[in-house]
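Reader: I have a structure to study. Could you take me through some of its features, one question at a time?

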Amino acid sequence: MQNNGLIRLFAVLFGLVSLYQLSFTFVSSKIESDAKTYAQASVDPSDSEYFTRVDLAERAYLDSISEQTVFGLYKYSSAKDRELNKGLDLKGGINVILQVSVKDILKGLAENSRNPVFNRALEDADALQKASDETYVESFFQAFEAIKGDQKLASPDIFANRTLSDDINFNMSDEEVQPVIRKKIDASIVSAFEVLRKRIDKFGVTQPNIQRLGNSGRILVELPGARDVERVKKLLQSTAQLEFWETASNQPYSTFLAQANELLKSVVAADQEESNIDEEASEIDDLLSDVAAQDSINTVVNPIYDYVKGVGYTGGPVLIQVDVDDQPIIDEYLSRTDVRALLPADLRFTKFLWGIPDPQTDIVDLYLIKANRANEPPLSGSVIVDAAQTYDQLGAPAVSMQMNGKGARIWEEMTGTAFKQGSNIAIVLDDVVYSAPGVSKGAIAGGRSEISGQFSLNEAIDLANVLRAGKLPAAAEIIQSEIVGPSLGQEAIESGINSFVIALLLVLVWMIFYYGRAGLYADMALTLNIVLIFGILAGLGAVLTLPGIAGIVLTIGMSVDANVLIFERIREEIAKGKGQKQAVSDGFKNALSSILDANITTGLTAFILFAFGTGPIKGFATTLLIGIATSLSTAIFVTRLLVDGRLQKGHALDFSTGATKNLFRNLAIRFLQKRFIAYVISGTLIAVAVFSLFTNGLNQGVDFVGGRSYTVRFEQAVNPSQAQIQLASILGSAEAKTFGEDNQLKITTNYKVDVEGTEVDDEIQQALFTSLAAYLPSSLSYDDFVNGAEDKQVGIMSSIKVGPTIADDIKKNSFLAVFGSLIVVFLYILLRFRKWQYSLGAVAAVFHDVLVVLGVFSITYTFMPFSMEINQAFIAAVLTVIGYSLNDTVVVFDRIREFTRLHTSWESNRVVNSALNSTLSRTINTSLTTLVVLLAIFIFGGEAIRGFMFALIVGVLVGTYSSLFIATPVMFDTSGKTNKY
């Protein structure tokens with residue numbers, strides 16, 4: 001081979017560059033380990049906020065050395081920016097997709113219009129979205145057009161208002177207004193993105209990721225290493241609507257409260273009577289039934305007073321105090337039109353807002369707020385220019401705020417009025433009263449204020465953070481989330497490394513056993529290949545995930561395949577009597593076409609997987625694509641370099657050992673004669689698969705149907721059937737299965753799958769804690785059950801939430817990925833081999849393989865001891881099976897094409913049989929090697945990817961069979977060739 005010196009130079013340089021890229025990871029990991037040790041030693045383990053203070057101490061340590069040169073090479077901050085990123089499944093953390101409410105943005109642009117056509121269009125748009133791929137705003141325009149009559153978008157009570165006066169006037173048509181609205185909505189989503197980015201930047205996790213997903217208003221947020229689930233959800237979903245209100249004295253409201261109580265007596269009695277007749281609960285009855293530990297409605301004597309646990313001091317801003325569980329029913333009572341009609345004329349705009357529940361007693365205060373017709377506060381959070389976490393006079397965490405000039409003037413007026421009247425000022429965030437301080441020393445100048453309350457340190461830090469970042473322009477709901485505890489991430493790293501090392505060792509040993517010294521050279525090229533893959537991943541800033549490790553291990557098998565193809569061709573050339581140098585040259589040249597075709601077809605399916613996949617699946621596709629490129633380079637150039645170097649020194653090189661020298665030689669299997677038997681076997685398999693798919697179906701995961709899934713670990717073994725019965729009694733619909741060890745369950749439920757919000761998440765998590773309490777340690781608190789810790793071994797280890805809308809999107813993209821890959825493969829093979837019969841044979845084999853894999857999953861998912869859900873990982877496995885099956889098929893087709901050119905006098909059946917026999921050694925060798933690799937991952941790679949690996953194992957077995965007995969026979973039968981054998 002020419003230019004051996006240049007190839008050697010590039011191989012060394014690329015290897016050194018890869019090691020240099022990986023050095024950043026080793027350095028940053030060492031420093032972070034030292035920081036964690038220091039932080040843990042510097043905080044008292046008995047501190048009630050131990051984990052929070054350890055995190056702060058660790059962050060302070062890293063900040064203090066971020067600009068120091070480490071090991072005389074580079075700064076820690078530089079090393080951290082360039083380290084190999086680990087995904088959530090390896091590091092632990094939180095991944096969410098937020099949906100910014102375009103509906104809320106439209107309402108805001110229309111100044112909360114009461115126009116019936118506008119509001120009806122919003123309702124119709126909600127319905128259209130359930131079956132539409134369009135954005136919400138397009139559905140709104142479509143709905144408005146269908147019902148508008150003589151109304152226009154530019155009506156003064158819709159979009160031709162003060163807010164949009166610079167952009168929309170009364171004379172504009174709907175077609176002219178629509179681009180303006182689209183632009184405003186896009187600006188609002190960008191604003192929400194920036195607000196979230198600012199909040200996340202101050203959250204304290206390393207390498208956070210936030211990105212917009214198209215134009216749908218969806219925002220992806222990844223927080224590796226984050227542990228406190230509830231804290232993250234509040235940080236991301238809080239709109240941070242800060243308001244300052246004057247409070248009202250509770251004295252004038254005592255009469256109102258008594259009148260409301262009397263009025264509601266008759267209402268409750270009427271509802272009770274109707275319930276006894278129809279056995280249907282009214283809206284109030286439903287609320288009552290959801291309130292835990294409350295007396296039956298039959299025992300209610302005073303609908304309001306029976307819930308009162310205390311009252312505020314006379315003249316103060318608190319009307320009553322109730323249990324936090326009773327908030328919904330009191331809200332329902334006080335929001336009734338007939339109850340509010342009892343308020344005196346001068347108090348008719350009063351707002352009733354709740355404070356923060358007392359963590360010790362769960363008692364919450366109901367505050368009286370002086371509102372107005374427009375429901376606009378005298379002072380809003382838009383005037384805040386800075387906020388910081390501080391401590392109040394008692395040493396408790398608090399938040400100080402600084403206002404701009406305009407805000408300072410209004411604040412001085414409000415505090416002056418409160419001082420004169422002896423009233424209070426309520427500081428309200430997202431309709432919750434955080435504090436309502438009085439003013440004892442006169443008006444407060446300078447615009448500085450403080451929010452104090454029953455904060456934890458983290459709550460005060462986050463509140464200051466969101467106030468600095470500003471409010472969200474609209475509500476942002478979590479429609480998909482994945483949460484992995486840090487201890488589970490560490491276990492994934494260990495299992496991933498174990499499977500990787502075991503698979504690598506098995507392959508290295510096998511290659512030496514089968515090919516001798518030539519196998520050793522292939523091993524050296526393979527080792528360089530692995531270094532290059534990790535180096536490129538680090539250099540590109542890609543994220544390594546557990547499926548990504550699986551992709552790398554699968555790449556090992558593909559790299560071996562390229563070397564097997566080369567070595568088998570060299571052995572054939574030597575068998576023809578050629579000298580070693582000529583045999584090596586011809587072997588590499590003749591194998592090149594098959595290697596390229598096989599890797600291109602696999603690469604095409606990987607590209608499709610990358611385009612349609614998300615999260616860890618995209619990581620799998622990334623490593624697979626990189627692996628294909630590096631495998632080609634190392635097999636074609638590095639292995640050749642080592643082999644040529646041996647021969648140029650005058651040494652002989654055997655491409656087999658004593659045990660393998662004559663394996664698969666002089667075979668004369670008549671494959672085509674057996675194709676009808678294969679057709680019957682395959683037809684039976686497909687018929688059984690299709691029957692099972694129609695009758696038994698598939699175990700679709702939450703990715704495809706929506707819902708929530710939790711991995712819960714216990715100290716002792718748990719009976720999943722008993723746990724499922726207890727969960728179903730509360731959630732109605734729940735499934736519990738053993739996941740890995742018998743002390744771990746995977747719990748799936750579609751309870752309130754259509755309802756968004758943290759309230760439902762909290763309700764389900766509380767239901768899990770309550771239902772499973774008998775299996776949990778008595779000392780385990782709810783907070784420890786839900787949130788993560790470095791050494792967590794009991795409780796929720798990971799969770800996934802997928803809303804129905806995004807589940808539909810995932811399902812659609814999965815179908816597009818599978819069928820798109822079939823079309824692409826058909827076209828590529830048609831282009832490459834110039835005959836549609838080759839394309840048909842390849843696609844028939846792939847279709848056969850996919851159906852069989854689906855059938856196996858349909859038949860066995862009910863009794864297999866590991867998860868066999870149909871999810872995004874399964875689709876990745878199916879696409880990989882497609883690529884692998886094509887790899888095998890293309891190698892055979894290449895040899896058929898070659899033999900057709902070389903042996904023009906042979907009948908077509910002889911050509912096909914000879915081609916199949918000549919490639920059988922490669923087919924079996926590659927399949928066995930790949931199976932060994934997959935079995936190593938299946939056994940040692942951890943529970944999370946066991947179903948994924950099982951699909952690949954079945955796919956490799958079926959793919960090897962179909963390339964011999966389906967693809968080639970179908971091609972042969974449709975070509976109209978002679979049927980002599």
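Reader: Is Tyr-782 buried, exposed or partly exposed?

Author: This is a predicted model, where local features need pLDDT of at least 70, side-chain atom pairs count only at pLDDT 80 or more, and totals for chains, interfaces and linings use all residues. Residues are numbered from 1 along each chain as its sequence is written, and side-chain values use heavy atoms, with hydrogens and water left out. Buried means under 20% relative accessible area, exposed over 50%, and partly exposed in between (1.4 Å probe, protein chains only). Tyr-782 has 25% relative accessibility, so Tyr-782 is partly exposed.

Reader: How are the rings of Phe-769 and Tyr-782 paired?

Author: Rings of Phe, Tyr and Trp (its six-membered ring) pair if their centres lie within 6.5 Å; planes under 30 degrees apart are stacked, over 60 edge-to-face, the rest tilted. Here the centres are 5.7 Å apart and the planes are at 75 degrees, so the pair is edge-to-face.

Reader: Which helices does that pair link?

Author: Helices are DSSP runs (H or I, at least four residues), and strands are too (E, at least two), numbered from the N terminus. The two residues are 13 apart in the chain. Phe-769 is in α24 (residues 758–771) and Tyr-782 is in α25 (residues 782–786), so the helices are α24 and α25.

Reader: What span should helix α7 have?

Author: The expected span is 1.5 Å times one less than the number of residues. Helix α7 has twelve residues, 136–147.

Reader: What covers the buried residues of α7?

Author: The buried residues of α7 include Tyr-136, Phe-140 and Phe-144. Their cover includes α5 (102–109), α6 (116–129) and α8 (174–201).

Reader: Which residue is the bridge partner of Val-428 in β16?

Author: Two strands pair if DSSP finds at least two bridges between them. Strand β15 (residues 425–429) and β16 run antiparallel, joined by three bridges. They form a hairpin with two residues between them. In β16, the partner of Val-428 is Val-433.

Reader: Which ring does the charged end of Arg-910 sit over?

Author: A charge sits over a ring if NZ of Lys or CZ of Arg is within 6 Å of the ring centre and within 35 degrees of the ring normal. The charged end of Arg-910 is 3.9 Å from the ring centre of Trp-906.

Terms used. Contact = heavy atoms within 4.5 Å.
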